[in-house]
Protein chains: 2
Amino acid sequence: MLHDSSQYSHLDIKQIKSSCATCSLRELCLPVGLNDQEIQIVGDVVSNKRKIRRGEYLHQAGLKFQSLFAIRSGFLKTCVLEEDGRQQVTGFHMTGELLGLDAISTEIHTCDAIALEDSEVCEIPFTKLEEIGIIVPSLMRHFHRIMSREIVRDHNVMLLLGSKKAEERLASFLLNLSRRFLIRGYSESDFNLRMTREEIGSYLGLKLETVSRAFSKLQDENIITVDHKHIRINDIDRLKIKMGNSSCIT
Amino acid sequence: MLHDSSQYSHLDIKQIKSSCATCSLRELCLPVGLNDQEIQIVGDVVSNKRKIRRGEYLHQAGLKFQSLFAIRSGFLKTCVLEEDGRQQVTGFHMTGELLGLDAISTEIHTCDAIALEDSEVCEIPFTKLEEIGIIVPSLMRHFHRIMSREIVRDHNVMLLLGSKKAEERLASFLLNLSRRFLIRGYSESDFNLRMTREEIGSYLGLKLETVSRAFSKLQDENIITVDHKHIRINDIDRLKIKMGNSSCIT
DNA sequence: GATTAGCTTTGATATAGATCAATCAGCATA
DNA sequence: TATGCTGATTGATCTATATCAAAGCTAATC
């Protein structure tokens, strides 16, 4: 869902965008409409940049929470490790998204965040964010919307896991990725997966073999073309029908 | 999870509690530690009380969002209606909990909230809450923790739906209810369900027959005693083992 | 006190997806 | 060019849960 920024002056928007360019905080600062001084203030919070290589942790479950992380570029997964050693993926995250919201409640991270490709994030010390929210209420309001959207997203995943079958789950998943790529200016019908079949399965509550079979089935029906990690959506409307009840993962 | 209030003076706590008694906003105001003036301010936001009879809606999906609702007493479910007519339960909610967080992002309710028994709620106009959060930062901070806790809770449900089997799901569900009753001063081992088998099934991603069989199985093993809606937990430790990997619905 | 209507339980059967197993493709390293 | 290694596909079973069906119990209503 893109934000409507028509209410802000052209100049403001330009400045905000340039401020965001420093740190790519699309999620957090783009739609807020700040004046010069406020931009300065926000800019101060998000100074810390960090690079993570593919396979490295951004944070680990159990560690103390201090900062949220805005993804500047790259692709990450979040997952919880069960004590039997296997991990369950709770989400895949890309540019512009905010990580760490779950840790605010206890100030302990409840999940691991691992880069699926080389990534770059901005660190946002949470205490600072709360302080600045008081000075810039529109920023605070926006932050509340982001948290709320995460809750809606989770409810949609619960729905998917609770009532959809394998093929419908995979269709929802692909359409969700498709939409997120589109929003970011990439092709909605032609993209590369960053995660393995096993990680997809973990996220969708399926075994990797089932995921693989579901891919093959959609390919047999000419709805998508699969070449390992490369996916081409040939018929997005039929894919939407496959998804079943319209509720896509938001 | 009870809040540690030892950092606040005895007097403060008494006053907060009495303020809460007016509206039972345990979640929202108890742990914050406010002075007299601040209590006055908070009291002003939450003035509107509302009664809902069993079966009635507190809010419906699609309607405009204006207020959060703090449950003063009673028991509600939230659910989304799929276009095929069947509904999926996304949560059960009791005294002290906060409803409507999902609607902040779009200002449209994304789910229905229906009373499972006669209930009473306090209406909290969200705009007012945000304004007051600026004056009383500790309130704002607490609100953030509540939202974050909802995200953690949802992740745990995702885990349950994605990887646990029927009996484990039911055990998790019962232990979750048990803990929430305990926190509220009721018996943790002896309580009445407010929802039907079908509603439990919808929440847990199971059919009602499967829920019923899982109840019977746990009863056969003498772990619980089931008499229709009345549940007695005979061996909470074995129930915890049944739950499998320790992650309970928080 | 009889009569529905709404839940719940239980049994029999069907099926989606898990599990087990074999093979294959791509990619990195020797 | 050979040699693993990891991940993906596909086939053959197995099993947990859904589905279909029949009673049974409770509470509400006449």
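## How chain A and chain B meet

Between chain A and chain B there are 13 residue pairs in polar contact, with both residues at pLDDT 80 or more; a polar contact is a pair of N or O atoms within 3.5 Å, where within protein one must be able to donate a hydrogen and the other to accept it, and residues adjacent in sequence count only if both atoms are side-chain atoms. This is a predicted model, in which local features need pLDDT of at least 70 and side-chain atom pairs count only at pLDDT 80 or more, while totals for chains, interfaces and linings use all residues. Residues are numbered from 1 along each chain as its sequence is written, chains are lettered from A in the order in which they are written, and side-chain values use heavy atoms, with hydrogens and water left out.

**The side of chain A that touches chain B**

- Strand 4 (87-94), helix 4 (126-135) and helix 5 (137-163) of chain A are the elements that give two or more residues to this side, helices (H or I, at least four residues) and strands (E, at least two) being DSSP runs numbered from the N terminus.
- Helix 5 of chain A provides the largest share, 20 residues.
- By residue type, this side of chain A divides into 17 nonpolar, 13 polar and nine charged residues, where Ala, Val, Leu, Ile, Met, Phe, Trp, Tyr, Cys and Pro count as nonpolar, Asp, Glu, Lys and Arg as charged, and the others, Gly among them, as polar.

**Extent of the interface**

- With contact taken as heavy atoms within 4.5 Å, 39 residues of chain A are in contact with 40 residues of chain B.
- About 3,600 Å² is buried between chain A and chain B, and carbon and sulfur atoms give 65% of that area; buried area is the accessible area (1.4 Å probe) that two parts lose on being put together, summed over both.
- A:His144, A:Ile151 and A:Met158 supply 18% of the area that chain A buries against chain B, more than any other three residues.

**Salt bridges**

- Two salt bridges are counted between chain A and chain B, each being a side-chain nitrogen of Lys or Arg within 4 Å of a carboxyl oxygen of Asp or Glu.
- A:Glu130 forms a salt bridge with B:Arg141, with the closest N and O atoms 3.5 Å apart.

**Relation of the two copies**

- Chain A is superposed on chain B by a rotation of 180° with 0.0 Å of shift along its axis (RMSD 0.0 Å), using least squares on the C-alpha atoms of residues with pLDDT of at least 70 in both.
- The two copies are therefore related as by a two-fold rotation axis.
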